[in-house]
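Please keep the sequence and the model in view while reading.

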Amino acid sequence: MTEIKHTLEGGALTILPEGHIDSANAAEAEEAITALRERYSPESVTIDCEKLTYISSAGLRVILRLKKAIPDTKLVNVSAEVYEIFEMTGFTEMMEIRKAYRVISVEGCEVIGQGANGKVYRIDPDTIVKVYLNPDALPEIHRERELARAAFVLGVPTAIPYDVVRIEGGGYGSVFELLNASSFAKLLIRGEKTVDEIAEMSISLLKLIHSTVVKPDTMPDMRAVALDWARFLEKYLPADQYAKLYSLIAAVPEDDHMMHGDYHLKNVMLQNGESLLIDMDTLCHGHPIFELASMYNAYVGYAELNHGQVMDFLGISYETAGELWRKSLSLYLGTGDEARIAEVEKKAMIVGYTRIMRRTIRRNGLNTEEGRAIIENCRRHFNELLPQIDALTF
Amino acid sequence: MTINTTKNGTELCLAPEGRLDTVTAPELEQAINENLEGVTELTLDFAGLDYISSAGLRVLLSAQKKMNAAGKMTVRNVNETISEIFEVTGFCDILTIE
């Protein structure tokens with residue numbers, strides 16, 4: 001019996017068939033697969049089809065029986081031709097079958113952006129590719145693309161998320177529509193829009209996002225995330241404060257409306273008078289207090305002790321960012337009533353400082369002077385705010 | 001952009017030509033909105049359409065939402081490029097494509 005190429009990692013068996021699987025060799029292939037199953041008792045089987053060029057009905061039946069014996073069986077790296085066979089026969093609806101990534105070259109392409117994770121290239125007049133240098137970024141690329149896709153079909157204005165591709169010479173990339181747009185940050189810095197105009201445009205898009213209902217299992221639940229932040233602080237806060245903080249967050253009702261999760265000037269673009277959202281990896285669902293908390297942090301909270309941070313991050317002064325935050329909050333609440341605005345701001349601050357304190361401690365903040373000052377500032381805010389607030393909803 | 005418009009009682013057919021992008025999408029949106037009164041069957045004929053951007057897709061999405069309430073919408077004569085865009089974006093599950 002010919003042995004079939006394979007690898008084993010933990011309980012995960014990967015099989016690498018080559019060439020044709022048809023009536024002439026299907027029985028032999030099945031025997032080889034059965035031998036591997038008996039030898040390793042795998043929990044899951046991945047059939048890597050990179051070198052599979054054809055499969056007949058006899059081959060399909062082998063896969064069907066394997067899937068029955070080991071329900072966690074999937075096919076990856078399937079060529080376009082072989083994928084068509086799986087699609088026509090309905091296999092693609094029955095089990096996970098992933099097409100091979102398209103391979104593209106970015107050699108000679110214009111670099112139009114550079115971030116912490118990689119570069120953005122323009123590959124033709126209508127599309128860009130976001131290339132991630134870390135090969136382990138693949139799950140993250142897929143996650144972001146799925147979120148963007150879910151938002152896109154719900155009508156949230158954003159760039160079209162196309163496919164995930166392999167980059168010649170290494171790495172993976174995500175292909176998006178090219179937007180001919182400027183970020184709100186740039187428009188404000190260049191003086192093309194005023195703080196009032198930016199606040200108005202960004203809140204009107206935010207309201208559209210917040211009015212969009214999502215299927216809860218397609219995006220993370222923000223309240224669960226915030227509860228994790230609070231739990232992390234149990235060791236670092238007085239017991240009564242921790243109990244109050246935790247119960248405040250736990251009492252926020254479930255909410256299946258979409259949130260962006262990282263909504264600030266750099267993540268909104270203007271194209272032909274229309275506001276578009278970018279960077280969809282933080283999309284989630286939940287009560288708007290969580291969004292307001294993240295906006296408070298971006299404009300005020302993170303830079304509270306070091307005002308230069310907001311200039312480094314958004315390119316605007318701490319004063320301008322603060323003005324933008326207050327205008328945005330007033331527009332979001334649809335009121336100029338200072339007392340009402342201050343009340344909701346306090347609620348946003350409670351969630352915001354929960355996040356900042358956790359983040360600072362996790363980044364070794366207890367062992368640096370700067371970190372200790374931030375943590376002390378969070379405690380000061382909790383001391384002041386927690387006794388005043390009885391619910392985070394507004 | 002040229003949009004050939006045929007209205008026949010409750011049936012409306014729009015055939016945009018060229019590229020449906022951020023510049024031309026508002027024109028199609030306007031053509032739909034101006035003619036939609038009383039329409040129960042909306043057909044978009046894409047035989048002359050070469051490309052569609054996200055702005056164009058959003059116009060389709062909003063037309064589809066309106067027609068869900070008012071009757072039905074069909075997209076026909078879609079070329080391969082656009083068909084691929086419908087597929088990767090998941091629009092093929094939302095639209096009726098002939």
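What percentage of the 98 residues in chain B do buried residues make up? The share is 32%, where a residue is called buried if 20 or more other C-beta atoms lie within 10 Å of its own, exposed if 12 or fewer do, and partly exposed in between, with C-beta atoms placed from the backbone. The model is predicted: local features need pLDDT of at least 70 and side-chain atom pairs count only at pLDDT 80 or more, while totals for chains, interfaces and linings use all residues. Residues are numbered from 1 along each chain as its sequence is written, and chains are lettered from A and ligands numbered from 1 in the order in which they are written.

**The two chains**

Helices (H or I, at least four residues) and strands (E, at least two) are DSSP runs, numbered from the N terminus. Contact, a term used below, applies to two residues whose C-beta atoms, placed from the backbone, lie within 7 Å. The table sets out some properties of each chain.

| Property | Chain A | Chain B |
|---|---|---|
| Helices and strands | 14 helices and 18 strands | three helices and six strands |
| Span of the C-alpha trace along the principal axes | about 80 × 50 × 40 Å | about 35 × 25 × 20 Å |
| Buried residues | 36% of 394 residues | 32% of 98 residues |

**Chain B**

Read from the N terminus, the elements of chain B follow the order β-β-β-α-β-β-α-β-α. The radius of gyration, taken over C-alpha atoms, can be compared with a globule rule of 2.2 Å times the number of residues to the power 0.38. For 98 residues a compact globule would have a value near 13 Å, and the 12 Å of chain B agrees with this.

Two residues illustrate the interior of this chain. B:V59 belongs to helix 2 (residues 54-70) of chain B. It counts as buried because 24 C-beta neighbours lie inside 10 Å. When residues up to four places away in sequence are left out, B:V59 touches B:A25, B:L28 and B:E29. B:V59 and B:E27 are 32 residues apart in sequence, and their C-alpha atoms are 9.9 Å apart in space.

B:L44 lies in strand 4 (residues 41-45) of chain B. It is buried, since 26 other C-beta atoms are found within 10 Å. Apart from neighbours within four places in sequence, B:L44 is in contact with B:L14 and B:V75. From B:L44 to B:G71, 27 residues apart along the chain, the C-alpha separation is 14 Å.

**Chain A**

Chain A is divided into domain 1 (6-99), domain 2 (104-177) and domain 3 (182-388), with bounds that come from an automatic or database domain assignment. The C-alpha centres of domain 1 and domain 3 of chain A are 47 Å apart.

Helix 10 (residues 288-299) of chain A has 12 residues. Because 12 of its 12 residues are buried, helix 10 of chain A is largely enclosed by the rest of the structure. Among these buried residues are A:F290, A:M295 and A:Y299. Their cover includes helix 7 (195-210), helix 8 (222-232), strand 15 (258-259), helix 12 (318-333) and helix 13 (338-362) of chain A.

Chain A also contains an open sheet of three strands in the order 14-16-17, with antiparallel pairing. Its edge strands, strand 14 (182-183) and strand 17 of chain A, each pair on one side only. Two strands pair if DSSP finds at least two bridges between them; strand 16 (residues 268-271) and strand 17 (residues 274-277) of chain A are joined by four. A:L270 has A:S275 as its bridge partner, and A:V268 has A:L277. Strands 16 and 17 of chain A form a hairpin with two residues between them, and A:N272 in the turn has a positive phi of about 55 degrees.

**Where the chains meet**

Between the chains, 14 residues of chain A are in contact with 13 residues of chain B. On the chain A side, helix 5 (138-153) and strand 12 (161-167) are the elements that give two or more residues. Helix 5 of chain A provides the largest share, three residues. By class, this side of chain A has six nonpolar, five polar and three charged residues. Here Ala, Val, Leu, Ile, Met, Phe, Trp, Tyr, Cys and Pro count as nonpolar, Asp, Glu, Lys and Arg as charged, and the others, Gly among them, as polar.

Methods. Expected span 1.5 Å × (residues − 1).
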